Amino acid sequence: MLTSRLLQLRCFDAESPSCVFPVLGSSLPTDHGYALYAAVSQLLPAIHESGSGIAIGPISGQHLANGLLQIDRRRSYLRLRLPTESIGVVLSLAGKCLDVGGHAIRLGVPRVRALIPAPAVIARMVTIKGFTEPTDFLAAVNRQLKELGIESEPEIPLVVDGPHAGKPRRRIMKIKDRRVVGFAVQINGLSVEESIRVQEAGIGGQTEDGLWFFCANNQGAVTMDSNRLWAKSKRDDEDEISSMLLPGHLEDVYNAALCVLEATASDQLAALGLGLEHRARLECCVKLAAAVHDLGKANDHFQGMILRTPGREEKTQGIRHEWVTVLMLKHLREWLLKAVGNSDVDFAIVEWAVAGHHPSPNHPSPPKNLPDGAGVQIKFLMGHRDYATALEWLSQIFGLSAPPRVTNVNRHLVGTDNLFTEIVAWARSAQRIWDGMNTSDRRLVAAVKNCLVAADIAGSALPKQAPDDPDRWRWIVKSFAEKPRTGEIQSIVDERSKGFAERNEDRERFQSAVEHSAGPVTYVKAGCGTGKTLAAYRWAAANHPTRRLYFCYPTTGTATEGFKDYLFVPDVKADLFHSRRQVDFEIILDTGPDAKDADSDTAIRVDTLDSWSTPIVACTVDTVLGIVQNNKRGLYAWPALAQAAFVFDEIHAYDDRLFGALLRFLRDLPGVPVLLMTASLPRSREKALQDLLKQQRGIDLVAIAGPDSLENLPRYRKLVVKDNDPMGIVRNVLKNDGKVLWVCNTVKRVMEAADIANDCNPRIYHSRFKYVDRVERHKDVIKSFDRIKNAGPALAICSQVAEMSLDLSADLLVTDLAPVPALIQRLGRLNRRAREGDATKPFIVVDPDDHLPYTPADLEAARTWYQRLADDNISQRQLAAAWEQTGDHPPELVASAWLDGGPTTTVTELRETSPGISVLMEEDLSRVRANRKELAKFVLPMPAPPKKLSWRTWPRERGLPVAPVGTIDYCAERGATWRE
């Protein structure tokens, strides 16, 4: 039945419009015609109705290897040709998910377009029964055109290159077990009337040809002038602006670089411990790097990709444009040397910055192998008029002689003289220069690299309110000038001091000691409830009142709580930056398929631009320490980080790799003030901090201890239960209106405990909630433990999210055995408001059957620590002392992709990774599409999906996989699980 319906798709009514749906997803089969028709038919049965007049057009994309098309969010559309009265019928497809041959795509909100008259029209595939050879086929097409009263000669487009170059473009479509042969057809020289007539009537015999239809040859193409060199892509509905073209983009980034340097050059040098004598070199290197960084986009692979040139759109790029720039600079080197004071070393630094201005785990540095499907050669378009324009501009801004005469150059990608061998030789030479550099020069390299990245981000964004303003780049200078005003941080201190109603002289002495610690690195070791967070703000207010302030927490949950508790202050412009930050700034230009995960990268860039103008930031530590490993958030934020003072809270919660990154940060950024805070720290880690700062910076690091009266206050006592079953004690405490906190190591154990205690009305709180619901669960738990608002009993069963982000005081703590730092943090929620003379409160340690997510060694060390504790009258200081006595291997400085990379720019992991994925549920997609700011609310962290789900093929929304309906069981009170 389905096959027979394909015969009728070519029948259109007069004035048939097109309904155009944006397509979201990852990839599609190249031959997707029948599968697409089947998928649409399932959702739109009206196609089967006799005389429906609804026809389907192909979905375009970038050709990949293995018979796949890559979906392009700017250019991939589903087009339906239909009668006007059928528009309402097809609108129901908006937002729907389609399974096209095992590949998931989602349709966006459609636009309706009238037929466009054009001198030439084209159809992807036309079939005429019995005509499968080009000559006979064209004759049959010509006969059908004459029947329509059209005298124009049809043609079959030729294959441009490859083994079939020069041959007519034959198309084959699979329908079940049959192969249907047809050809692409273009008809030229049409009048307005003829163009509309052929689009309405179609061409082809009574076969499956009607699946694809004729359209104006510019209707599905990108409206970009192929005679120009483009740096950024342009949508069909966008106006062309100079920033999209290569000369204009280079000028934009150069101007942005001037502003970044004006605002932050001195800060960047000071942060890295470099004197102002390095400023001239920094400025020269950054300015030249910004002015030439994208010259390499003048190649036929990049231009073919962005213009979707026939013959190139089906192939991958043989080499990325930044490395083409490096190779082009070899031709321009002698001419450009004057721009860096004729310094060979500084010119090498420019090359390294250019080569690394798009760092990504997906971008090998340097490239060694030719990607599949790239072809055998690449053309450097150095003879293009736009390239000449760029060189003339370089000559003017750097005061150079007339540009050298250069021409187009064909370079081999394979064979003995391929360009990859030249890159290998370049890398060897660059490494020799790097090996001969001193520490100051190496740090200068790091600054140049990151400053260029910042300039490229800023130069690729135009403020929506003034995109054509000649002074539009001044927003950069104004952004970096947005630092805390005099007295602004003190206003936070004054507001939060009201929370300490009772004066404690011991606590005041402790906070005062922190406040008056004016050294470059301050180290605070104090337990929960001692007021160390307020002490940190007092430190910033007293010592760095007008520096940008980054308050860095181990997790998104603790960052959110830190923001909520301390930065909701009237007239204080603060913000929250972690992986779920809502954004409002729009990057208006991109290079489409040139980058993987373009949506998520754009979101991070938007975050970055916003952060540049934020004086006080609560963020995850990854935002800052990520710079050590070239992670994007840290890398992009670099100029703002160079202006900041930093508070690193809960450093005991860092894994070994993250702690090693902290050591590198402290060693290699001596010009930024730092406050380190922790409840306790193993002796080996504390010694590593002290030794590094003493040997590398001459700093004697002495811990400022918490107030004795609070640290030594007896708070806890052990309780041992039979058979690992705490429910008897839990019920007894609840019966007496007590507050019970139960912390489990995994979400699975949270749910099991909640089921056991279901009759006790437990509040469930873990990480596997949508962010909007997680905030509500957090509030609910805090409210239930508030003895003024809720005098009755309360039971909260939580995962590790309770360790650092719950400001509550329990009467009983039940906890799974966990690593010592986690147990100390969990105990910080027990008897938190204790005063001298109060009775101690009990805690129960349950030994889980499974060690996950920790290691057996972690839990064995925790058992040893637990056994060292007394049975009663346990204080926070005793908890810390027992841990500090445990054996622990000393941490090591990590290798830094940023500081050690030199000629190469790679991206490495900041933390010890754990499997997991963040998704957006399909049910929330419409709300996110209606308001982009809503995205942050509906992000859902999940464990690795079951293999059967093939989640990598799911559509994406701003980089997030969209989980189809039926894959996740979700409850706003209990959270999410993958459906079995």
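Modeller: First, a convention: axes are lines fitted to C-alpha atoms, for helices over the stretch in contact, and angles run from 0 to 180 degrees between N-to-C directions. This is a predicted model.

Colleague: Are helix 9 and helix 11 roughly parallel or roughly antiparallel?

Modeller: Helix 9 covers residues 321–336 and helix 11 covers residues 385–397. Their axes lie 12 Å apart, at an angle of about 30°. Angles under 35 degrees count as roughly parallel. Therefore helix 9 and helix 11 are roughly parallel.

Colleague: Is the crossing of helix 9 and helix 11 left-handed or right-handed?

Modeller: The test is whether the near helix is turned clockwise or anticlockwise from the far one. For helix 9 passing helix 11, the crossing is right-handed.

Colleague: How many residues in the contact of helix 9 with helix 11 are charged?

Modeller: Helix 9 brings Met328, Leu332, Trp335 and Leu336. Helix 11 meets them with Tyr387, Leu391, Leu394 and Ser395. The division is seven nonpolar, one polar and, for charged residues, none.

Colleague: Which residues have the most contacts inside the largest nonpolar core?

Modeller: That core has 131 residues. Leaving aside neighbours within four places in sequence, Phe646 touches residues including Trp539, Tyr550, Val624 and Phe665. The residues with the most contacts inside the core are Phe646 and Phe648.

Colleague: How many residues are in another core, the one with Tyr854 and Trp865?

Modeller: That core lies apart from the largest one. Tyr866 and Leu869 are also among its members. The count is 35 residues.

Colleague: Which residue does a cis peptide bond join to Pro853?

Modeller: Pro853 sits in the loop between strand 29 (841–846) and helix 30 (856–868). Omega of the cis bond is about 10°. The partner is Leu852.

Colleague: Where does Pro366 lie?

Modeller: The peptide bond from Ser365 to Pro366 is cis, with omega near -5°. Pro366 is in the loop between helix 10 (344–355) and strand 15 (377–380).

Colleague: Is Asn630 buried or exposed?

Modeller: Asn630 is not a glycine, yet its phi is positive, about 60°. It lies in the loop between helix 20 (621–625) and helix 21 (632–636). Its relative accessibility is 2%, so Asn630 counts as buried.

Colleague: What is the relative accessible area of Asp737?

Modeller: Asp737 also has a positive phi of about 60° without being a glycine. Its loop runs between helix 26 (727–735) and strand 25 (739–743). Asp737 is partly exposed, and its relative accessible area is 42%.

How values were computed:
Residues are numbered from 1 along each chain as its sequence is written. This is a predicted model: local features need pLDDT of at least 70, side-chain atom pairs count only at pLDDT 80 or more; totals for chains, interfaces and linings use all residues. Side-chain values use heavy atoms; hydrogens and water are left out. Helices (H or I, at least four residues) and strands (E, at least two) are DSSP runs, numbered from the N terminus. Angles under 35 degrees count as roughly parallel, over 145 as roughly antiparallel, 65 to 115 as roughly perpendicular and the rest as oblique. Contact means heavy atoms within 4.5 Å. Ala, Val, Leu, Ile, Met, Phe, Trp, Tyr, Cys and Pro count as nonpolar, Asp, Glu, Lys and Arg as charged, and the others, Gly among them, as polar. A nonpolar core is a set of buried Ala, Val, Leu, Ile, Met, Phe, Trp, Tyr and Cys residues joined through side-chain atoms within 4.5 Å. Buried means under 20% relative accessible area, exposed over 50%, partly exposed in between (1.4 Å probe, protein chains only).
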